[in-house]
Amino acid sequence: MAACSIEDVLAKAEQDEAEKLKSITVQKELDLEFDIGNLVAYDKNRIDIRQFREQKKDDFLRSLARDNTQLLINEIWKHPTERVEEVIVVKLPEPTTALPREKPPPKPRPPTKWEEFAKLKGIQKKKKTNLVWDDVAKNELHRLRNIARAQKIKVPGVGLTPTAQQSTTDLSRAVNVAKVSTASAGKFQDRLPKEKAPRNTGKKRKFQPVIGNFSSEKQRQLDLLKVMDSKKPRLDVNKAVNKQMREDDREESAAKFRKGGKKGRKGGHFSGKGGGGKGKGGGKGKGGGGKGRAGGKGQGPPGGKKGAGKR
Amino acid sequence: MRPLTDDETKTMFEKLSKYIGENIKHLVDRPDGTYCFRLHNDRVYYISETILKLATNISRGKLVSVGTCFGKFTKTIKFRLHITALDFLAPYAKFKVWVKPGQEQSFLYGNHVLKSGLGRITENTNQYQGVVVYSMADVPLVSWPSPFTYCPLSNQISQHIALPLHILSIIQSNQSTYSPPPSHTVHYPIKSVNI
């Protein structure tokens, strides 16, 4: 009994082993079609009906599935593998089966208001180019260049050469240049009643930089001061005259003192502002000098009292 | 901010030389540093080189003033001195007029200096000479509306004037009487660099 059971067990074990080690090769009449990208295998083999009926249905289907899976996996292993973090991974190719749409296709967007309007009016899109071939201007420019070269003068600036279409700025510039091109540089050219004076003609004012060369700036200022000093007259007329007058005063007073007091007091002519006293500082500087002196000399001792009081 | 052109420098120097004569070169050429004149918004500023270099970091619209304002150029390019220049003109002034304490206040409020208020005066002051007025304590004075004064009668003449109330120093009015006092309130966004 035990022997039988042992044999049975062994046999069973062998069978199990055999099943496990079933060959990986599978025989099929028709080869399977594979779409490895979608991990799909199409089996177009006929199913044997008799075999299907003989076996248990379950087992038949299971073995069929097993065979096909084996073939599929064989096919997968044919593709290049790589190792990603201790796992062997197969790089799948692109799927070949066209899968149907998941969502419905997009509807065409409705035309905008402008598009509708344009269609209604028949307006088409026009592209404008920046540059236009200007035959006339080119000719003109070349002609003037030739003339300039021949006569060795310079070509006139923009706006002065005649072109087909001139902008307002060009025209205004041409007008201004023409106005200045007279014998007296436009000084006597009248303007039209509503014409405005041209602004921004000429060069822009240029100033020295804020932080320039300090020493040169200093030098320039000192030179300027020197020039200013030199222009001042060395002899200050006022000063000279006043000095002279002061000298005269001192002389007069000294002379008067020497002559004595009493005589001076008796006489007392006071001839107004100009000769006031002994011609001291008569009036304003310029005219006063001569007048004062003359007055003073004429007066002499008289009028001494007042003068003395002043001092 | 820009340096002055030659014409502008000349006009300014002529005005300054009325008060300090040839001492302008002491302002231009200083032993203790490079100082220069710069024009900003028609006003002339006297700045040291270091301050100038700092001031260039401030944009034109935001810069209110730099250094010391000496004066400004009017629309007809005449130069008007401002009282802020007094600190620099007073030590170099050639002709000075000292005012008695009684007359001091009167002068500060804009009246002319009369002969009765005259303390001292430098010798040889010519007629119409630009002078700087001092108090008896040697403090330079300046009145509003007009910072600087000139002498309408020369020193020599004034000695012999009969009346004590003769006007001796006429204030050189340079602004209309309706202009605000010199401490301007500025309405620009503030960023001023001052020594």
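Start with polar contacts: select chain B and chain A together. Two residue pairs are in polar contact between these chains, both at pLDDT 80 or more. A polar contact is a pair of N or O atoms within 3.5 Å; within protein, one must be able to donate a hydrogen and the other to accept it, and residues adjacent in sequence count only if both atoms are side-chain atoms.

Now colour the side of chain B that touches chain A. Strand 1 (2-3), helix 1 (6-20), helix 2 (24-28), strand 2 (35-40), helix 3 (49-55) and helix 6 (155-159) of chain B each supply at least two residues. Helix 1 of chain B gives the largest share, seven residues. Helices (H or I, at least four residues) and strands (E, at least two) are DSSP runs, numbered from the N terminus.

This is a predicted model: local features need pLDDT of at least 70, side-chain atom pairs count only at pLDDT 80 or more, and totals for chains, interfaces and linings use all residues. Residues are numbered from 1 along each chain as its sequence is written, chains are lettered from A and ligands numbered from 1 in the order in which they are written, and side-chain values use heavy atoms, without hydrogens and water.

Next, select Asp6(B) and Arg220(A). They form a salt bridge, with the closest N and O atoms 3.9 Å apart. The count between chain B and chain A is three salt bridges. A salt bridge is a side-chain nitrogen of Lys or Arg within 4 Å of a carboxyl oxygen of Asp or Glu.

Zoom out. In contact (heavy atoms within 4.5 Å) are 32 residues of chain B and 25 residues of chain A.

Last stop: Ile73(A), in helix 3 (residues 57-77) of chain A.
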